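Subject: Structure handover

Hello,

Here is the structure I promised to pass on to you. Please have a look at it first, and then read my notes below.

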Amino acid sequence: SQAFAQTLATFTRNLQNAFKASLSDNSFTEQAAVSYIASMANEGKYKQAIEEIPADFKKSSARTYLSAPYLNNLAAMDTKLDSYISESNKTIKNAANSLSLDIFTTKDLAKLLCIYPDFFLFCTILTNAASVNTEEASLAQATGIILTYAELSQLNTDYAAILAPAIEGCLQKITESCSYENNMLTISENDTFVSVVQAVETGIALLRYGQASANTTYSKAGRVIINSYISESSSFDLRTLSTIYPTLAYDNLFYPRILLINSYGKDAMWAWTCAKSIAYNLDPKDGLTLTIDFPLEHTHYVIFKGIPAFEQIFIYDMAFRTDPRFETYNSSGYVYKTDSK
């Protein structure tokens with residue numbers, strides 16, 4: 001675990017240095033900017049990171065919902081978030097009518113399933129995976145199933161239990177793909193070594209599964225795989241570093257993500273946020289209170305989904321009216337879209 005911590009620290013430093021070098025010619029991507037801000041925020045340097053992002057990038061129409069929690073323009077980014085969720089829902093619906101395991105290569109599948117409006121189709125996907133021979137799955141599919149199980153274990157143990165029968169075959173598939181030599185644990189599929197990105201994904205899946213199941217063997221195996229592939233990350237380009245970072249730093253809560261607040265399925269209330277947590281309390285007299293855990297004096301933009309129509313909103317105990325231009329003021333504020341809650 002010490003070696004892993006050192007690997008993560010070195011990797012993060014290389015990411016930050018590569019991003020700073022890219023500022024001179026604006027050659028960075030949105031993914032790189034978000035990975036940089038998240039890594040800096042995790043070190044208490046959130047404000048500094050935001051200030052370092054060029055103004056023209058902050059105003060760019062090429063930006064998406066990914067950077068919205070840091071860089072605003074929520075009304076426009078919400079439309080892009082809706083498109084992302086709509087495409088994900090189509091993929092989930094199609095997958096429910098197939099025994100293919102390809103759906104499990106979808107990024108953040110566990111949370112996307114939890115906000116999917118049709119509970120029956122959601123469970124069908126998990127049941128289908130549990131009924132097939134996962135030893136015949138591809139390495140990417142096996143990795144995805146294990147990671148989805150680990151994440152569901154944190155979100156809802158009942159959902160994780162449905163998928164549990166698929167795990168043993170996936171672990172066997174990964175085991176057979178590994179070779180251990182000279183303190184290195186490498187992975188190959190069809191006699192070809194996998195990419196560093198895929199290796200890290202598999203390593204993190206094993207690490208998180210080991211944590212979820214209290215099995216230190218798998219946690220250690222995950223760390224060894226990751227150390228084997230990225231202990232020497234100084235030669236990686238910025239695109240590779242920023243692609244790997246969100247997988248590697250899965251527990252950095254400053255990284256933008258779907259955060260489930262209350263319930264699941266069609267009644268789900270959730271947020272697209274970089275907050276540590278959001279607490280929910282509904283009182284018949286006082287109404288709905290959402291308490292966001294985010295450092296004081298730092299600007300945080302959040303998109304809430306599943307908010308029913310309301311008469312009045314207070315932010316920091318002050319009454320506010322909807323104002324689509326609130327982001328241009330040095331003030332708290334909000335925009336509400338009634339049709340989509």
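**Salt bridges**

Aspartate 78 and lysine 337 join their side chains in a salt bridge, at 3.0 Å from N to O. This pair ties together distant parts of the chain: aspartate 78 sits in helix α6 (residues 74–96), lysine 337 in the segment after β10 (318–320), and the two are 259 residues apart. By salt bridge I mean a side-chain nitrogen of Lys or Arg within 4 Å of a carboxyl oxygen of Asp or Glu. Helices (H or I, at least four residues) and strands (E, at least two) are DSSP runs, numbered from the N terminus.

Before you go further, please note that this is a predicted model, in which local features need pLDDT of at least 70 and side-chain atom pairs count only at pLDDT 80 or more, while totals for chains, interfaces and linings use all residues. Residues are numbered from 1 along each chain as its sequence is written, and side-chain values use heavy atoms, with hydrogens and water left out.

How covered are the two partners? Aspartate 78 counts as buried, at 6% relative accessibility, whereas lysine 337 is partly exposed, with a relative accessible area of 31%. Here buried means under 20% relative accessible area, exposed over 50%, and partly exposed in between (1.4 Å probe, protein chains only). Both residues also belong to a network of salt bridges that links Asp78, Asp82, Lys305 and Lys337.

The whole structure holds eight salt bridges. One of them pairs the side chains of lysine 45 and glutamate 43, at 3.6 Å from N to O. Lysine 45 is partly exposed at 35%, and glutamate 43 is partly exposed at 40%. Another joins lysine 266 to aspartate 267, at 3.7 Å from N to O; both of these residues are exposed.

**A negative patch**

Glu135, Glu136, Glu168 and Glu176 form a patch of negative charge on the surface. Such patches are made of residues with over 30% relative accessible area and no salt bridge, with like charges joined within 9 Å and nonpolar side chains (Val, Leu, Ile, Met, Phe, Trp, Tyr) within 5 Å. Glutamate 176 is found in helix α11 (residues 167–177) and counts as exposed, at 54% relative accessibility.

In α2, 11 of the 12 residues are buried, among them Val34, Tyr36, Ile37 and Met40.

Threonine 148 belongs to helix α9 (residues 139–155) and is buried, at 4% relative accessibility. Its C-alpha atom is separated by 24 Å from that of proline 69, which is 79 residues apart from threonine 148 along the chain.

**Positive phi angles**

Which residues other than glycine have a positive phi? Aspartate 108 has a phi near 60 degrees; this residue is in the loop between α6 and α7 (109–114) and is partly exposed, with a relative accessible area of 32%. Asparagine 182, also not a glycine, has a positive phi of about 55 degrees. Asparagine 182 lies in the loop between β1 (178–181) and β2 (184–189) and counts as exposed, at 68% relative accessibility.

Note on methods
Areas by Shrake-Rupley, 256 points an atom, 1.4 Å probe, with all protein chains shown as cover. Lys, Arg positive; Asp, Glu negative; His and termini not counted. Charge placed at Lys NZ, Arg CZ, Asp CG, Glu CD.
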